[in-house]
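Have the viewer open as you go.

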Amino acid sequence: MPPAFQPALAFLDTASQRLSFQRIGHALLVALAYFLATHLGLAFALQTQQVSTLWPPNAVLLAALLLTRPSQWWLLLLAALPAHLLAQLPRDVPFVHALCGYISSVAEALIAAGLIKTLLKGRCPRFDALFDASIFLVAGAVIAPFIASFIDIGALKLLRGSDEHFWMLWRQRLISGSLSTLILVPVVTISLSKPLRLIVFRHWINALTPLRLVELAVLSGGVLAVCAVAFLGPPFNDETHSLLLCTVLPFLLWCAVRFGPGFVNYLILCITLLAICGVQLGLGSLSVVSPAKNVLILQLFLIVTTISILLMTAMICERRRAVHDARSSEAQLRTSLQELRAETAQVLQLRHELTHLSRVAMLGELSGAVAHELNQPLTSILSNAQAALRLLNREGVHKNEISEILADIVAEDKRADAIITRLRTLLRKGEVQLQQVDINNIIQEVIALEHSDLLARNIVVSTQLAASLPAICADRVQIQQVLLNLIINANDAMSGNAPSERLLEITTRALDGARVEIAVRDRGHGINERDSEKIFQAFFTSKTHGLGLGLAICRSIVSAHKGELRVRNNKRGGATFYLTLPVAHLEPMF
Amino acid sequence: MDTSSKNICIIDDDPAVLRALTRLLDSAGFSANGFDCPQRFFAQTSLEAVNCVIVDFAMPFMNGLQVQQTLYESFRHCPVIFLTGRADISTSVQAMKAGAIDFLVKPVDADALIKAVQDALAYNTTMLARYREWDTLNKRFINLTRREQQVFSGVISGRLNKQIAADLGTSEKTIKAHRAQVMEKMAASSLAELVHFADKLRNRNEIGTKVQ
């Protein structure tokens, strides 16, 4: 095989790859459509006109180009050539002229399609998007016909020579081309492009209840009736004529708003066809003036109407989409918010339970001490009662003594009850109850609870409680938990100390009238400077037992009460924990 | 035993418990005094007349064990009964090793307490008797002259008069005369009794009283 044939063979190879059956089928379809469109266009031409009212072939080409990938365009355009020639040549149109006509059609289609595809990044224009619709309008209905008209009319003038004015013909060609694109391309592309069909019709078809079908029928019926009267009915005088034309607009608006771009384009097509038929047959209100003027008026009216309706529909769709998006994102946000709220509630619940568990564990540690505390009243009750029994067995009346004994028994019983109640309150999970509490009172209760533990460890407690301390608004149980925790920590810190160094000091004072400060000072081993913030973190402990949650929970309780908990090492050894709580604000009586 | 003359002291820092225990012991016929803190107890003048002490184990500043140890140094004849709310083994062992008479757990049953007190008083009586006995013997011993004391120690170690005379550098006759004096002053009726007395004098610790 001679080397010269190599590139040709290569080309044929790729060409055969490109020429799949589907593509050939498409090309043939385009050719057929073009052929029919040409005949249709010729039918639309008035006898007196050089340029047809509506020229479908260009629209067919443009639609074909928009619907396919640019790699296929060469085949489609090539297929249109024989169709064009087949349609034109039998009409005694010279070959060269027909060719020029073909070239101008192709040019128009190519310019429009090229611009649109480039600007829309290869996709077919969506008529429910304002940007796409605008690009389509500008490229397909303005720029392409503008340039193509030059080619077409220029060729016409040069080759056939015509007695009509260049610019007038050019204008006719421009308007005709523009109108064809506007009327036909949307309908064809929407109908034939599956994605477009889905996009445009999905929203509307899904909402097609029987009622809406009826509405659509009424709408269409109304429009067509009006058009039939306007374009096919007997001619009226001038004023009615304009009025009738205007009545079409509301119908179109109604359709655009209620049924979207697909239906509206079909409707416009129907109106156009009716109008053109009317003009061709010399019927309708437009026929009162000269046919040429009729056509012009009609074309202009249709162009303006179509452009406005296309843009308006696109805007309406966009707005609807925006609203829909906003609503769905709002709905999403709302569900996220609800989930967040549920999770927060859950977290709060868990924290509540953890606080409770920590409290129970702390009290568990104290159980020995508490049992000891309860033993005291039990001892005195038992001994008192047994003393009374013996007294009764003795001779003589011991009325006074026995009443004293019984009074003591009652008092001791109440003391035991108080201890148990205090314990029960602390063990209960209960809801947080904010009330006005006296912090000195709470401190004394906590010390009483710790009493036996302190004795067992030989720790001496010294308290300096400010006399007239303002009340704070707090949950009694939780504040007791915090204080208990601090005291237990202090005791643990001092467990290795010599007996003379086992001193626990608790002081309260008012800070600038708005806060109350409680200081728990021990003489233990103090806190490492590095750890002074870490000790408040969860699971941090220097003890051999326990989870290390105590101080973390204390801090969360204190911040829930809008207070502060900090620690500082003492100069003389040991650490002091400072608990600051806000004073309760008294509600004004009136 | 006439218990009304016995002096029983109760030390407990809980005033209600103190009152109850005092009442109980009073109703059982004892004469009891309550002290709510150890310092006040030690401040009373006639500590040696205390026949029994009931002390709470867990008290601030000075706990029961410390009270018992302080008491033990000076007044070994005074028995101590511990009362406690915690019944752990280590505490009770500690208490018993330190020489407590008994260790009772609160709430304490009246019968148990009274029995413990009676045992304590019996112990106290015994110890007091022993002390008196020793005291008497001690006075008699002090009454001996120096020479007589030397003879005394010689006699009870089983040495013959001859040997004692040789030890002390005097005649046997002198020794015999001293021996008779010793026997008379010590009010011993036989050598065996004298040895017995000497034993008692030596075993001061048994009677639990500080050597004067």
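Contact here means heavy atoms within 4.5 Å. Keep in mind that this is a predicted model. On that cut-off, chain B puts 28 residues into the contact and chain A puts in 27 residues.

**The interface by area**
- Putting chain B and chain A together buries about 2,200 Å², and carbon and sulfur atoms give 52% of that.
- On the chain B side, the most area is lost to chain A by B:Arg23, B:Ser27 and B:Arg86, which together make up 28% of what that side buries.

**Polar and charged links**
- There are five salt bridges between chain B and chain A.

**What chain B brings**
- Helix H1 (15-27) and helix H5 (110-143) of chain B are the elements that give two or more residues to the side touching chain A.
- H1(B) supplies the largest share of that side, with nine residues.
- Sorted by class, the chain B side has 14 nonpolar, three polar and 11 charged residues.

**A helix in chain A**
- Helix H2 of chain A (residues 21-43) has 23 residues and reaches 33 Å from its first C-alpha to its last, close to the 33 Å expected at 1.5 Å a residue.
- Which residues of H2(A) are buried? They are A:Arg23, A:Ala27, A:Val30, A:Ala31, A:Tyr34, A:Ala37, A:Thr38 and A:Gly41.
- An α-helix has 3.6 residues a turn, so residues three or four places apart point the same way.

Definitions and conventions. Residues are numbered from 1 along each chain as its sequence is written. Chains are lettered from A and ligands numbered from 1 in the order in which they are written. This is a predicted model: local features need pLDDT of at least 70, side-chain atom pairs count only at pLDDT 80 or more; totals for chains, interfaces and linings use all residues. Side-chain values use heavy atoms; hydrogens and water are left out. Buried area is the accessible area (1.4 Å probe) that two parts lose on being put together, summed over both. A salt bridge is a side-chain nitrogen of Lys or Arg within 4 Å of a carboxyl oxygen of Asp or Glu. Helices (H or I, at least four residues) and strands (E, at least two) are DSSP runs, numbered from the N terminus. Ala, Val, Leu, Ile, Met, Phe, Trp, Tyr, Cys and Pro count as nonpolar, Asp, Glu, Lys and Arg as charged, and the others, Gly among them, as polar. The expected span of a helix is 1.5 Å times one less than its number of residues. Buried means under 20% relative accessible area, exposed over 50%, partly exposed in between (1.4 Å probe, protein chains only).
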